[in-house]
Amino acid sequence: MNIEMIRAAATRLNGHARHTPLLNSPFIDKIAGRRVWIKPECLQHTGSFKFRGAWSALSALDPAIRTAGVIAFSSGNHAQGVALAANMHDVPAVIVMPRDAPALKIENTQALGAEVVLYERGSEDRDIIGAQLAAERDLTLIKPFDEPQVIAGQGTTGLEIAAQAEALGVTVADVLVCCGGGGLTSGIALALEAEAPGLRVRPVEPERFDDVARSLRSGGIERNNAVSGNICDAIITPQPGDITFPIMQRLCGPGLVVSEDEALAAMAHAFLRLKLVAEPGGAVALAAALCRADQIEGEDVIITISGGNVDPDLFARALRSLA
């Protein structure tokens with residue numbers, strides 16, 4: 001992984017991905033006690049940053065290989081990103097999804113033209129299922145985070161943050177990133193190392209699924225004890241990636257951890273103050289900015305809202321959380 005791969009991905013994404021803004025709200029600033037700059041990747045195609053990595057990976061494939069089709073496994077956001085990117089390239093896509101994934105994400109993935117194969121998260125291995133299907137149908141696997149071209153695509157978010165922060169005169173800040181396996185986190189960290197070295201990336205995770213934070217503390221890859229059981233489904237992974245972890249270990253500051261209730265409150269604040277729809281996993285960085293102010297340095301903090309694919313009932317629960 002290197003900055004040139006990220007810049008090349010940005011060139012391939014030009015005209016296909018949305019250039020998302022950097023937003024601010026005085027109301028959120030007051031709660032956080034500092035200026036909060038919000039990168040809303042919930043406004044990206046398919047409602048998540050994942051489209052960037054999916055397009056980057058598919059567009060980098062040899063056309064002869066790409067024509068046979070691709071396969072991915074995901075709880076929903078990577079699924080939708082790959083489904084749309086495959087649709088736009090006019091190639092077939094098979095997506096292996098957990099049966100307990102949000103219904104909206106399953107329905108959207110199918111609506112984008114992908115074949116969805118469901119599995120039981122607690123008793124079946126998605127890697128085995130995906131490998132079997134890939135071999136049977138000659139499909140190319142697009143990994144959700146531990147894949148160089150996927151990381152390169154996610155890193156284009158960091159290129160945008162660097163340019164936007166410079167335009168605002170923000171040269172020193174913590175950049176809080178919603179973190180699962182580390183694709184977005186490591187990609188942004190690599191981009192900022194090259195373009196804005198005063199901006200320090202810090203991963204943010206939900207309680208009981210803080211494998212990255214624990215790994216950064218211990219210096220080695222740590223696993224979660226469970227693979228489900230949290231509303232922040234989009235960022236729950238067994239452990240950091242073999243490619244992403246060394247990058248995060250070298251470039252990231254300490255991880256931050258928030259509760260489900262704090263994520264729900266952040267979703268409500270994002271909607272009420274910025275009119276943004278965030279899913280729980282996509283709101284954890286904002287939750288950290290609002291609830292972990294004593295663990296953040298500087299007058300400015302930049303955060304990602306990484307996704308906005310949330311079922312209506314859960315979103316209504318989030319809005320009620322501030323009542």
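Me: Are helix 1 and helix 8 roughly parallel or roughly perpendicular to each other?
Reply: A quick note to start: this is a predicted model, where local features need pLDDT of at least 70, side-chain atom pairs count only at pLDDT 80 or more, and totals for chains, interfaces and linings use all residues. Residues are numbered from 1 along each chain as its sequence is written, and side-chain values use heavy atoms, leaving out hydrogens and water. The two axes (lines fitted to C-alpha atoms, for helices over the stretch in contact, with angles from 0 to 180 degrees between N-to-C directions) cross at roughly 80 degrees. On the scale used here (under 35 degrees roughly parallel, over 145 roughly antiparallel, 65 to 115 roughly perpendicular, the rest oblique), helix 1 and helix 8 are therefore roughly perpendicular.

Me: Within what distance do the axes of helix 1 and helix 8 come?
Reply: Two packed helices are described by the angle between their axes and the distance between the axes. The helices here are DSSP runs (H or I, at least four residues; strands are E, at least two), numbered from the N terminus. For helix 1 and helix 8, the axes come within 8 Å.

Me: How many charged residues are there in the contact of helix 1 with helix 8?
Reply: Contact means heavy atoms within 4.5 Å, and on the helix 1 side the residues include Ile-3, Met-5, Arg-7 and Arg-12. They meet residues of helix 8, among them Pro-148, Ala-152, Thr-156 and Leu-159. Sorting the residues of this contact (Ala, Val, Leu, Ile, Met, Phe, Trp, Tyr, Cys and Pro nonpolar; Asp, Glu, Lys and Arg charged; the others, Gly among them, polar) gives nine nonpolar, four polar and, for charged, two.

Me: Within what arc do the buried residues of helix 1 fall?
Reply: Helix 1 spans residues 3-13, and its buried residues (under 20% relative accessible area; exposed is over 50%, partly exposed in between, with a 1.4 Å probe and protein chains only) are Ile-3, Met-5, Ile-6, Ala-9 and Leu-13. They line one face of the helix, because seen down its axis (using directions from the axis to the C-beta atoms) they fall within an arc of 155 degrees.

Me: Which residue caps the N-terminal end of helix 1?
Reply: Look for a side-chain oxygen that lies 3.0 Å from the backbone nitrogen of Glu-4. After the helix comes Gly-15, with a positive phi near 90 degrees, but the residue capping the N-terminal end is Asn-2.

Me: Where is Asp-138, and is it buried or exposed?
Reply: Most residues other than glycine have a negative phi, and most peptide bonds are trans. Asp-138 has a positive phi of about 60 degrees although it is not a glycine. It sits in the loop between helix 7 (126-137) and strand 5 (140-141), and with a relative accessible area of 57% Asp-138 is exposed.

Me: What is the relative accessible area of Asp-90?
Reply: Asp-90 is another residue other than glycine with a positive phi, near 60 degrees. You'll find Asp-90 in the loop between helix 5 (77-89) and strand 3 (93-98). It counts as exposed, because its relative accessible area is 70%.

Me: What is the relative accessibility of Thr-109?
Reply: Thr-109 is placed in helix 6 (residues 103-111). Leaving aside neighbours within four places in sequence, Thr-109 is in contact with residues including Gly-76, Gln-80, Ile-95, Met-97 and Val-116. Thr-109 counts as buried, because its relative accessibility is 0%.

Me: Which side chain is joined to that of Thr-20 by a polar contact?
Reply: Thr-20 lies in the loop between helix 1 and helix 2 (26-32), and it is buried, with a relative accessible area of 2%. Not counting residues up to four places away in sequence, Thr-20 touches residues including Lys-39, Leu-43, Arg-52 and Gln-164. The 2.5 Å polar contact of its side chain is with that of Glu-41.

Me: How far apart are the C-alpha atoms of Ala-134 and Val-70?
Reply: Ala-134 lies in helix 7 and is buried, with a relative accessible area of 14%. Leaving aside neighbours within four places in sequence, Ala-134 is in contact with Ile-71 and Leu-139. Ala-134 and Val-70 are 64 residues apart along the chain, yet their C-alpha atoms are separated by 8.0 Å.

Terms used
A polar contact is a pair of N or O atoms within 3.5 Å; within protein, one must be able to donate a hydrogen and the other to accept it, and residues adjacent in sequence count only if both atoms are side-chain atoms.
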